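Let's walk through this model together, starting with the overall fold and ending at the ligand. Keep the viewer open as you read.

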Amino acid sequence: MNQDLFDDPAHWEIAPGVTLLRGFALAAEAALLDAVAAVTASAPLRHMFTPGGLKMAVALTNCGPLGWVSDAAGYRYQASDPVSGQPWPALPAAFAQLATQAAAAAGFGNFEPDACLVNRYQAGTRLSLHQDRNERDFSQPIVSVSLGLPAVFLLGGLQRSDKTARLPLSHGDVLVWGGPSRLRFHGVLPLSAGTHPLLGDQRINLTLRRAG
Ligand code: MD3
Ligand code: FE
């Protein structure tokens, strides 16, 4: 646990290549929430199915040139929304700027995301342990932004069977994942019920990626 990044207690390298920026998104809160509303109005949140036919508990949508999708054919990134057949909504400037700034604060310069996955959790929604490996270049980090209700994130190792650590995340926290931690297994425990003053009964997580 290395806490000396910038000597700022809000910037922790919690594992090699994983930097927690507590509250980093709060300065842009209003712009981020407006952009989430605009994106979900044009590409509504929906439940996708795993390649094995299970309905995912998390509801999701995307913005940016590429979006992550899952169906019977597998997991992949594609340029169009399978519901509408239209391109995903443009990546809001507020998302791109925050991601570039957070990546730079964590030591990853010139991060230019081309995909943003928007995940929505409600009471009881969980995300089981998995790796993110549909992106082309694993040397590029992933920036995740937590908004709304708090959640407990599970950080595993490079093998599914590795022990997991629990990390509580709240509204405005930003995490940057890269380097040796890019392929760690991770997940989210079932969300506890609650009411967030701005987002109500939900948690929204943005993951900004260089997918293509
Ligand atoms: C660690 N989302 O969308 S974000 C996902 O809170 C996903 O919605 C979670 O896992 C959520 O794939 C967690 C944090 C995250 C994202 C990517 C990672 C952690 C990661 C990639 C490698 C290691
Ligand atoms: Fe993931």
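How many helices and strands does the protein have? There are 2 helices and 14 strands, taken as DSSP runs (H or I of at least four residues for helices, E of at least two for strands) and numbered from the N terminus. This is a predicted model, in which local features need pLDDT of at least 70 and side-chain atom pairs count only at pLDDT 80 or more, while totals for chains, interfaces and linings use all residues. Residues are numbered from 1 along each chain as its sequence is written, chains are lettered from A and ligands numbered from 1 in the order in which they are written, and side-chain values use heavy atoms, with hydrogens and water left out.

For the overall dimensions, the C-alpha atoms fill a box of roughly 45 × 40 × 35 Å along the principal axes.

Now to ligand 1. Around it are 19 residues, of which Asn119, Tyr121, Arg182, His186 and Arg203 come nearest; a residue belongs here if one of its heavy atoms lies within 4 Å. By class, this shell holds 7 nonpolar, 7 polar and 5 charged residues, where Ala, Val, Leu, Ile, Met, Phe, Trp, Tyr, Cys and Pro count as nonpolar, Asp, Glu, Lys and Arg as charged, and the others, Gly among them, as polar. Strand β14 gives the largest share, 4 residues.

Look next at the oxygen atoms of the ligand. A polar side-chain atom of Asp132 lies 3.1 Å from one oxygen atom of ligand 1. For the side chain of Asn205, an N or O atom is 3.2 Å from a ligand oxygen, and for Arg209 the corresponding distance is 3.1 Å.

How values were computed. Polar contact = N/O pair within 3.5 Å; in protein donor to acceptor, adjacent residues only side chain to side chain.
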